[in-house]
Amino acid sequence: MSENNGNLLTVNDLRTYFQTEDGVVKAVDGISFELKKGETLGIVGESGSGKSVSNLSVMRLIPEPPGKIVSGDILFDGIDVRRLSDEEVRNIRGKRIAMIFQDPMTSLNPFLKISTQLMEVTQIHLGHSREQAYDHALEMLRKVNIPAPEKRIDGYPHEFSGGMRQRVMIAMALSCEPELLIADEPTTALDVTIQAQILELIKGLRTELGTSVILITHDLGVVAGMTDKIIVMYAGKIFESAPTKELFAKPANPYTKGLLKSVPDPAHEHGEPLYQIPGLPPDVANLPPGCPFAERCDRAEEICEREFPPFVQINENHHSLCHFAKEVHASSGGE
Amino acid sequence: MKRNYTVEARAGVLIVLLTFLITSCSTQATTQYWGQIDPPQDNKMRYITGSEPESLDPSYVTGQPEARILIGLYDRLVEYHPKTMSPIPALATHWEANEKGDVYTFHLRENGKFSNGDPIKAQDFVWSFQRALSPELASRYGFLGYDIKYAEAYNAGKAFVKKDGKFVRVKGAEGTEPDQENATEEGDNEEQTADSETTAQAAPSNEEEGCTFTAPECVTVAGDEESRNEAAAEDEELKALIEGAEFVPVEAKHLGVEAPDDFTVRVTLKQSAPYFVGLLTHQFFAVVHRPTIEEHGKDWIKPENIVTSGSYKLKEWKPYDSMTIEKDPNNWDAANVKLDEITFYPMDEQPTMMNIYKAGRVDALYNHTVPAAWNEYIRQFKDEYLLHPEMSIEYYTFSVKKPPVDKVEVRRAFSLAIDREALEKFRKTVKKLGNFTPEGIFPDYEKVRTRVFQELLKKEGISEETWGKRYFDPQRACDLMKEAGYTVQPTDGGKCKVTDFPADQMTISYNTAESNKAVAEFVQAQWRQNLGITVQLKNMEWKTYLDYRSKVEYTGAARAGWVGDYMDPFTFLSQFYTQQNDSSTGWWKEEFDALLEKANNTADPEKRFELLAEAEFMMLQEQPIAPLATQGTSWMKKPYVKGMYPNPGTMHPWKFVYIEEDRNKWDANVDGIMTDYTDPAVEAQVEALTKTQTDFEASRKQNEESAKAGE
Amino acid sequence: MLKFILKRLLIIVPMALLVVTVTWVLIRVAPGNFYSTERSLPPAIEENIKKKYGLDQPWYIQYGTMMGNILRLDFGDSLKYQGQSVNEIIARHFPYSAILGLLAYLLALGIGLFAGIVAALKQNSAFDYGSMAAAMLGLSVPNFVLGPLLVLLFSLYLYWLPPARWGGPLYLIMPVVTLAAIYAAYIARLTRAGMLEVMRSDYIRTARAKGLKESKVLLKHALRGGIIPVVSFTGPALASLLAGTVVVEKVFAIPGLGNIFIQSVLNRDEPLILGIVAFLSILIMVANLIVDISYGFLDPRIRYE
């Protein structure tokens, strides 16, 4: 039964691999994290880091060919998610764990009315009748601050603006008051002003409903104000995990430092070039034997290319995957 | 994982192989009969006659499919003998001709009735003939009646010429009497084209007679003023004739048909035509119901209006689906009509028809329904497959006025370079042909012709052996090419290569059809093998081709076929008659025309055949055509269908057809159905009908003899 | 939407007239005429015929008369089939083709949609390979081969079904299957491709993430988008269906309009040809309009001005 230590979600050494024409892609290669009730976890990384795949794995939304959860444990409220039957997983999806996605235009069904898409969630999970579901849907739309929802509820996704659509997605996801909300890059496709609104919305609802949130993004700025702790992923692995404040104040990994440096600083000098981490994200099908970040790391040394780095514990809640974790930790701060 | 397309491909191949397995049936006949063999129990026959009939108006339709239906629906003065197709009494019990042979008198039976019970009288025939030849009906078969006096003039809308109050008559024309003795000198015939009208002079005559058909023949000219003047501009005599003349249109009443009383029909011909009674079996001369036509106009043939005169009447017509006719109790011969109903299915796709036959949903098919490729297999069914000679020939025409085929030597060379026996084997349903009438169809004519040809060959100095080799004589072909002035290199086997022949100046043309293509390719190969000449082929769609060929727009050879209209060799030889003939060759000859005319004025059948044979020989010598083959009937009927014969025209008088339920009496070995055995029931039925005419002729002869004896 | 429909309807009549005109020109240009037979007609008889049918008038008068009549929906009488008006002939024979075509297309939809959906769901399974291979064959085997094959097996070998003609439901089985085959094949492949594409899309992922049953994901969410290629295929398919019925009608001796049409061209039966051409072109245009409209119902993103 439950061995949850008060954790809502425990992921332990999760590995999700994909069979492709080019070979086996180890999209997620041994990640572990925990999430307590009411906590907000941020997962940060570039494209191809495995951040989305890890969360899809939690909901068992990985398409079975070509993907497969190869090993690891996923415990949600003490339940072993991997062992559940299809029907049991479906009972959890949308009801206890909800997910919102990056592009609300493609994530909403263009052929169905908004009302239909909202109503079906509560109809299946809460047993609502049509009327109940309809009223509830209106209620949710109000909660996400859609003006005049009764006029708009029977519209189609293409009649809504980008920001509105994302609100609708949030409304849909929170309809059943799930315990965990996974938000996969919820603001990436929106422009900056709307971004802030959406994040505020999520924050507010989180407080109101007590939902735990996993916020996936490549944008450190987004996680700064929202999360309790952060995981930085790279090439399917966790490169650093730490409480938010600590990560920003004293990062222990060159990759994290690079990411932080890349955030544009309003106080930056005019005319000076913006910082970018040099190089490209790695080809996850053909990883080098050593540290996957080695060729892009400004701190890399010979050992980095030869040997896979250890997962160093800096302090109780702070870990870093690096040969020189402690040194980096020591040298950061005040930057 | 990549999609495994080889699996998909393998699955596909498997399905294909399975299909082939299903379809590969053996070609050996494993049963006596082909397909289902249970006869219908209700005395109703199902038949496929060909494509959908265009109309039920007997004087208007021209197609074979319609003709077969109309045999059942409309009676004529005479009808077809089921085997020989010669005329036997129908509505006319007996008939006779005058001595000159240009007036025929038919005596009608008195119990003839239309399908609505109205009696059939002589006047009905008169009206039917007049209508058939009327310009308003515009029947394409109008020319069938042109032997009747003024028929052509009436049909073409011509007019009589009156000068100084007197009708202008044909030079030297005499009046016609039913029993007149004198032989008349023929007046010139009027042509149909406006630019050659007869010349004539005012001849003394009985003016009160006007232009009746018994009076001496009146001259006619085009009825339309414009064409008349156009013709006159080129013809001085014509101009003089029409100058200041009055014109009286030729009307129906002038037509040489009359009803001296209710049951006598008398037909006056333009000139003697010994084949005339045989013509009258044709549907064109059927008797139709005047009140119905006058009341409904063009809608008279609709099922709700139509009134017929035959052994059957129309029961139901679902266009493109089926037409059913049922026995007419009002018909004079109803007691002897066997089948209660006949249903016709309109179809012309060979495989479909064969399938329906095999599945037992139809009892008989029409001619040429067996696809050539099936022939080997089907002819094993000896109790059903009928292959007998047909009144139809296949030949190639030459454009005789256009080089390089303008030389008779060239044409003959090409004709001799075709191996007709090989063609026979190749086509399977035809027999080789060396003359211009179908082999085996006119046995009496052929006897006379053999004799005449022998004499003529001797006269021309051609050996009989050479003549006998006209079916294939490559050696002589090469010699002829040399005579024509070309360079001939002999190759082995008596063949040769004509090296400087301008083969690119000519083609072999044909209308698109499988069999035509096969024959054209065959002939092309023959000419290449035997003469070293390769001629290109050219094909086009039917109606386009007709146009192209009849206007002689082709250069070289063109495929042609001819089906006789009546049982007399004249129907074939008339192809070349007059300058405006139908031959699509551009060939004509005055002496040839003269022979034909003389023949038709000869009462004695044997002498007549001699003249026809002379004409045929003359034409063959000039080689405007290369005869190829006599067609075979090639159709099937179930063995329980009796009284139905593979006669030369595949025309079935339905009153003789019946369904035999007793298996022991079914038809077998139908190869001999025309010669080896007879059906006593059918023979008796025919005998009963012909009796009236044979008795009449016998008694007439007796009277003549006793009259002579009494002198 | 209404304006759109009206605009399309308005253009149908001028288009049909244009088609008729072009056909008329083609008929006149093609050699041959409706009355020619093996033997050349005596000129007098040809004159009679021309006069009877008004063919002796100058061509522009003939054209004008013809057009005038057509605008009053009077196509005249068939030149070949005496006493039968063109309207009567079309009215009598079109139902056969319509029934044949409709049944065939419905069958094709039934088989094709089913096979396509199942193949998409069970991608790379035996069913997938099997049905797509069968579809490939359906596409490559022409109907004039398939029809006779079916007849061979079911009529001439097993004697179960009648080989041709029109009668009760038994007569319909083989012609409908023969006609439907190629469309079932197309629809199966289109559906499979459409469904696969849709199943990969984000909103299907969302639907699953909401915890919907797979069947609901399929039928409620995926189908709408997945069958759009089939809908857009229906437009041109209907046109080719008309052509397909011609062959099937010939092979199975069915008295449908396709059969009649071919015959009328071979007969050079001008009024009938023009009548059928006008009728068919209007039919196709209306059918395409209906397809376009239904497009709008299926996909809410499409709105017609």
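User: How many salt bridges does the structure hold over all chains, and what makes a pair of side chains a salt bridge?

Analyst: Over all chains the structure holds 65 salt bridges, a term that asks for a side-chain nitrogen of Lys or Arg within 4 Å of a carboxyl oxygen of Asp or Glu. This is a predicted model, in which local features need pLDDT of at least 70 and side-chain atom pairs count only at pLDDT 80 or more, whereas totals for chains, interfaces and linings use all residues. Residues are numbered from 1 along each chain as its sequence is written, chains are lettered from A and ligands numbered from 1 in the order in which they are written, and side-chain values use heavy atoms, with hydrogens and water left out.

User: Why is the pair Glu521(B) and Lys517(B) called a salt bridge, and how are the two residues placed in helix H16 of chain B?

Analyst: The closest N and O atoms of Glu521(B) and Lys517(B) are 3.6 Å apart, which is within the 4 Å limit, so the pair qualifies. Because the two lie four residues apart in helix H16 (residues 514–531) of chain B, about one helical turn separates them. Such helices are DSSP runs of H or I with at least four residues, strands being runs of E with at least two, and both are numbered from the N terminus.

User: How do you know that chain B and chain C are in contact, and how many residues take part?

Analyst: Contact means heavy atoms within 4.5 Å, and by that test 64 residues of chain B are in contact with 61 residues of chain C. The two chains bury about 5,500 Å² between them, 57% of it on carbon and sulfur atoms, where buried area is the accessible area (1.4 Å probe) that two parts lose on being put together, summed over both.

User: What is the count of salt bridges between chain B and chain C, and which side chains give an example?

Analyst: The count between these chains is seven, including the one in which Glu54(B) meets Lys80(C) at 3.5 Å, N to O. On the side of chain B that touches chain C, the elements giving two or more residues are helices H1 (5–23), H9 (350–358) and H17 (542–550) and strand S22 (556–563) of chain B. H1(B) provides the largest share of that side, nine residues.

User: What makes a space a cavity by this rule, and how many cavities of 30 Å³ or more are counted?

Analyst: A cavity is a set of points on a 1 Å grid over the protein atoms alone where a 1.4 Å probe fits but cannot get out, and its lining residues have an atom within 4 Å of a point. The count comes to 14 cavities of 30 Å³ or more, and the largest cavity holds about 180 Å³ of space; points are joined across faces, edges and corners, and a volume is the space filled by probe spheres set on them.

User: Which residues lie nearest the centre of the largest cavity, and which element gives the most to its lining?

Analyst: Of the 14 residues in the lining, Arg412(B), Leu416(B), Trp467(B), Arg470(B) and Gln623(B) lie nearest the centre, while H11(B) gives the most, three residues.

User: What is the volume of the second largest cavity, and which residues lie nearest its centre?

Analyst: The second largest cavity has a volume of about 140 Å³, and its 14 lining residues include Pro346(B), Met347(B), Asp348(B), Lys250(C) and Asn259(C), which lie nearest its centre. Helices H10 (228–251) and H11 (257–266) of chain C each supply at least two residues of this lining.

Terms used
On a 1 Å grid over the protein atoms alone, a cavity is a set of points where a 1.4 Å probe fits but cannot get out, and a pocket is an open set with protein on both sides within 12 Å along at least five of seven lines; lining residues have an atom within 4 Å of a point.
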